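Trainee: Could we go through this model by question and answer?

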Amino acid sequence: MKEVNGIKFLGEKLMKYQAVFIDRDGTIGGTGHFKHPRDFSPYPFSEEAISRLKTSGLRIFAFTNQHRISRGEVTEDDFIKEFNRLGFEKAYICPHEPEHQCNCHKPAPGMLIQASREFNLDLSKCIVIGDVGSTDILAASAVGATKILVRTGWGEESLGKYRSKWAETEPDYIADNLLDAVIWILDNGE
């Protein structure tokens, strides 16, 4: 990755994206259901996918709803340590119950907006990868980010049984998994 006058290049190609936001449960690993960080295992391809993004020079952020923090079942620090081990630059974690009606619980775009302020990001030049259309994809759509839905976790059900919950929004790409999403990003990042 080279940078000339603040413009990032991958090889000789200008990168049009600034950052990638990745959901945790069902996207990086697991089934889409909560798993405590001590019990969570990334999919076999997830670490390679994250490594490829890091090598490209794109900023990589985790963003996840984890309401069990508010219930005292897990701490935010447990997740931060997990995301640090996986190589994320920063993790954005909503600890609130869905009915709390905060501005950070996906599909609200608060975590994305916070990151844009902290890192001076143009969210229209960012990508969101997730397995739930009614949360991850709607949050991305609210800020004009590129939307990638993965078929892992809840992805297949998001495209089928639960499609009505986000019917007015189309993903920019439907990926088989996180690695497929990253390959698409790197192939289309110019």
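This is a predicted model: local features need pLDDT of at least 70, side-chain atom pairs count only at pLDDT 80 or more; totals for chains, interfaces and linings use all residues.

Trainee: Which residues of α1 are buried?

Mentor: A residue counts as buried under 20% relative accessible area. Helix α1 covers residues 46–56. Its buried residues are S46, A49, I50, L53 and S56.

Trainee: Within what arc do the buried residues of α1 fall, seen down the axis?

Mentor: The residues in question are S46, A49, I50, L53 and S56. They line one face of the helix, because the arc that holds them, seen down the axis of α1, is one of 120°.

Trainee: Which exposed residues does the face of α1 turned away from its buried side carry?

Mentor: Exposed means over 50% relative accessible area. On the face of α1 turned away from the buried side, the exposed residues are E47 and T55.

Trainee: Is S56 buried or exposed?

Mentor: S56 lies in helix α1. Its relative accessibility is 2%, and the cut-off for buried is under 20%. S56 therefore counts as buried.

Trainee: How far is the backbone nitrogen of L58 from a polar atom of the side chain of S56?

Mentor: S56 belongs to α1, and the helix is followed by G57, whose phi is positive, near 95°. The side chain of S56 has a polar atom whose distance from the backbone nitrogen of L58 is 3.2 Å.

Trainee: How many salt bridges does the structure hold?

Mentor: Side chains of opposite charge can pair when their charged atoms come close. A pair counts here when a side-chain nitrogen of Lys or Arg is within 4 Å of a carboxyl oxygen of Asp or Glu. The number of salt bridges in the structure is 16.

Trainee: How many residues apart are E82 and R24?

Mentor: E82 and R24 form a salt bridge, with 2.7 Å between the closest N and O atoms. E82 is in helix α2 and R24 is in the loop between β4 and α1, so the pair links distant parts of the chain, and the separation is 58 residues.

Trainee: Which parts of the structure does the pair of E89 and R59 tie together?

Mentor: A salt bridge joins the side chains of E89 and R59, at 2.5 Å from N to O. The two residues are 30 residues apart in sequence, so the pair ties together the loop between α2 and β6, where E89 lies, and strand β5.

Trainee: Which residues do salt bridges that share partners join into one network?

Mentor: Salt bridges with shared partners make one network here, and its members are R68, R71, E73 and E97.

Trainee: Which residues lining the largest pocket are closest to its centre?

Mentor: The largest pocket holds about 580 Å³ of space. It is lined by 23 residues, and the closest to the centre are G32, N65, V132, T135 and W154.

Trainee: Which element gives the most to the lining of the largest pocket?

Mentor: The lining divides into five nonpolar, 11 polar and seven charged residues. Both β5 and α4 supply at least two residues of it. With four residues, the element that gives the most is α4.

Trainee: What distance separates the C-alpha atoms of D39 and Q18?

Mentor: D39 is found in the loop between β4 and α1, and at 48% relative accessibility it counts as partly exposed. D39 and Q18 are 21 residues apart along the chain, and their C-alpha atoms are separated by 32 Å.

Trainee: Which residue's backbone oxygen does the side chain of R163 reach?

Mentor: R163 is in the loop between α5 and β9. With a relative accessible area of 17%, R163 is buried. At 2.7 Å, its side chain reaches the backbone oxygen of W166.

Conventions:
Residues are numbered from 1 along each chain as its sequence is written. Side-chain values use heavy atoms; hydrogens and water are left out. Buried means under 20% relative accessible area, exposed over 50%, partly exposed in between (1.4 Å probe, protein chains only). A polar contact is a pair of N or O atoms within 3.5 Å; within protein, one must be able to donate a hydrogen and the other to accept it, and residues adjacent in sequence count only if both atoms are side-chain atoms. On a 1 Å grid over the protein atoms alone, a cavity is a set of points where a 1.4 Å probe fits but cannot get out, and a pocket is an open set with protein on both sides within 12 Å along at least five of seven lines; lining residues have an atom within 4 Å of a point. Grid points are joined across faces, edges and corners, and a volume is the space filled by probe spheres set on the points. Ala, Val, Leu, Ile, Met, Phe, Trp, Tyr, Cys and Pro count as nonpolar, Asp, Glu, Lys and Arg as charged, and the others, Gly among them, as polar. The arc is that of the directions from the helix axis to the C-beta atoms.
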